[in-house]
Amino acid sequence: MLSPASSPSAGVDAGGRRQAWRSRRYRWDLRFSPYAFVAPFFLFFTAFGLFPLLYTGWAALHQVELTDPDAMTWVGLRNFTRLWDDAFFWNALRNTVTIGLLSTVPQLLIALGLAHLLNFRLRGSAFFRVAVLTPYATSVAAATLVFVLLFGRDHGMVNWALSGVGFGAVDWQNGPLASQLAVSTIVVWRWTGYNALIYLAAMQAIPGDLYESAALDGASRWQQFRHVTVPSLRPTIFFTCVVSTIGATQLFGEPLLFNGGSGATGGSDHQFQTLGLYLYEQGWVNLHLGRASAIAWAMFLMLLLVAGAARLVRGGSR
């Protein structure tokens, strides 16, 4: 006589339970696996992105020094209102805008031209694509130190070339516009190849039928570039403009190292001190963490305004 555990009905019940468990586990896997895969990103973002942002905002509302970061004195918005009357802050903002324009506009124009050249079938095209990316892979410290030698007042190669065509020596580190132009040159050299490859990838996604139609209509190479390539690259150009603006706002390494051993002042007269340098000077030189946090949040709010304005411009151009 069969026992209840070994009866056919017991086997069917056990098999049904296993099937139900597998079905339930499969549904859980479909529902929760995507969240498990993206959870590490959100954990790291919360620890190293969101928490520092919120803590910086909290510190901006206090008077706090680097020598004793746990001793906070509530001051409300005083750190922000002080920026309104701070001549050094406005000087850093003007320098940031000027260096940003001097570096972003030529950088993107040159990158667009390079991408257009690389888009043709060239012999050894892979070598040239790697070559244009080499400056981006170079250390900012090494690149800036080399440019400091190139822009030297007495023995720099740039002044030597200028003297060869009849110009006098330029004091690249102490002249207001000259120093900003020199810093911008470093940024252009480092980031042009990176943007050129972004434009190249976007160009290769443009359908060839558009160029064939334009050629049948009698369009020259230049007309094809103006009326086919550039309009098709409009979203990519918009993206690079926004990213380059963010990078210009956060510019730090190039002006810091270009100043040599003078620290974060951005020259003897603060002539190329950017917002990033001014933040560093307030927080890690003058030890005013509260004021540095206010500057950081001011930069963050500026970037939000720029992003909002860019979104409105793009929406209006559609």
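Reader: Which residues lie nearest the centre of the second largest pocket?
Author: In this predicted model, 20 residues line the second largest pocket. Those that lie nearest its centre are G100, L101, T104, T245 and A248.

Reader: Which elements give two or more residues to the lining of the second largest pocket?
Author: Three helices meet this condition for the second largest pocket. They are α3 (87–118), α10 (234–249) and α13.

Reader: Which element gives the largest share of the lining of the second largest pocket?
Author: By class, this lining has 15 nonpolar and 5 polar residues, with no charged ones. The largest share amounts to 10 residues, and the element that gives them is α3.

Reader: How much space lies in the second largest pocket?
Author: The lining of this pocket includes residues from α10 and α13 as well as α3. The space in the second largest pocket is about 390 Å³.

Reader: What is the volume of the largest pocket, and which residues are closest to its centre?
Author: The volume of the largest pocket is about 470 Å³. Its lining has 21 residues, and the closest to the centre are P52, T56, L279, S293 and A296.

Reader: Which element supplies the largest share of the lining of the largest pocket?
Author: Four elements each supply at least two lining residues: α1 (8–59), β2 (68–74), α12 (275–285) and α13 (289–317). The largest share is 8 residues, and they come from α13.

Reader: How many residues of the lining of the largest pocket are nonpolar?
Author: No charged residue is found in this lining.

Reader: Is α12 mostly covered or mostly open, and how many of its residues are buried?
Author: The buried residues of α12 are L275, G276, L277, Y278, L279, E281, Q282 and G283. L279 is also one of the residues closest to the centre of the largest pocket. α12 is mostly covered, and of its 11 residues the number buried is 8.

Reader: Where is H270 found, and is H270 buried or exposed?
Author: H270 is not a glycine, yet its phi is positive, about 55°. H270 is found in the loop between α11 (253–258) and α12. Its relative accessible area of 15% is under the 20% cut-off, so H270 is buried.

Reader: Is S268 buried or exposed?
Author: The loop between α11 and α12 holds S268. C-alpha to C-alpha, S268 is 39 Å from F45 in space, while the two are 223 residues apart in sequence. At 65%, the relative accessibility of S268 is over the 50% cut-off, so S268 counts as exposed.

Reader: What distance separates the end C-alpha atoms of helix α7, and at which residue does α7 bend?
Author: Helix α7 (residues 176–204) has 29 residues, which should span 42 Å at 1.5 Å a residue. Its end C-alpha atoms are 41 Å apart, which agrees. A bend of about 40° in α7 is found at W191.

Reader: What separates the C-alpha atoms of L200 and G113?
Author: L200 is found in helix α7, and its relative accessible area of 4% makes it buried. Along the chain L200 and G113 are 87 residues apart, and their C-alpha atoms are separated by 9.9 Å.

Reader: What separates the C-alpha atoms of T144 and D86?
Author: T144 lies in helix α5 (residues 140–150) and is buried, with a relative accessible area of 0%. T144 and D86 are 58 residues apart along the chain, and the separation of their C-alpha atoms is 29 Å.

Reader: What radius of gyration does the protein have?
Author: The protein has 13 helices and 2 strands, and its C-alpha atoms fill a box of roughly 115 × 75 × 40 Å along the principal axes. Of its 318 residues, 33% count as buried. A compact globule of 318 residues would have a radius of gyration near 20 Å, but the protein has 29 Å.

Note on methods:
Residues are numbered from 1 along each chain as its sequence is written. This is a predicted model: local features need pLDDT of at least 70, side-chain atom pairs count only at pLDDT 80 or more; totals for chains, interfaces and linings use all residues. Side-chain values use heavy atoms; hydrogens and water are left out. On a 1 Å grid over the protein atoms alone, a cavity is a set of points where a 1.4 Å probe fits but cannot get out, and a pocket is an open set with protein on both sides within 12 Å along at least five of seven lines; lining residues have an atom within 4 Å of a point. Grid points are joined across faces, edges and corners, and a volume is the space filled by probe spheres set on the points. Ala, Val, Leu, Ile, Met, Phe, Trp, Tyr, Cys and Pro count as nonpolar, Asp, Glu, Lys and Arg as charged, and the others, Gly among them, as polar. Buried means under 20% relative accessible area, exposed over 50%, partly exposed in between (1.4 Å probe, protein chains only). The expected span of a helix is 1.5 Å times one less than its number of residues. The bend at a residue is the angle between axes fitted to the seven residues ending there and the seven starting there. The radius of gyration is taken over C-alpha atoms; the globule rule is 2.2 Å times the number of residues to the power 0.38.
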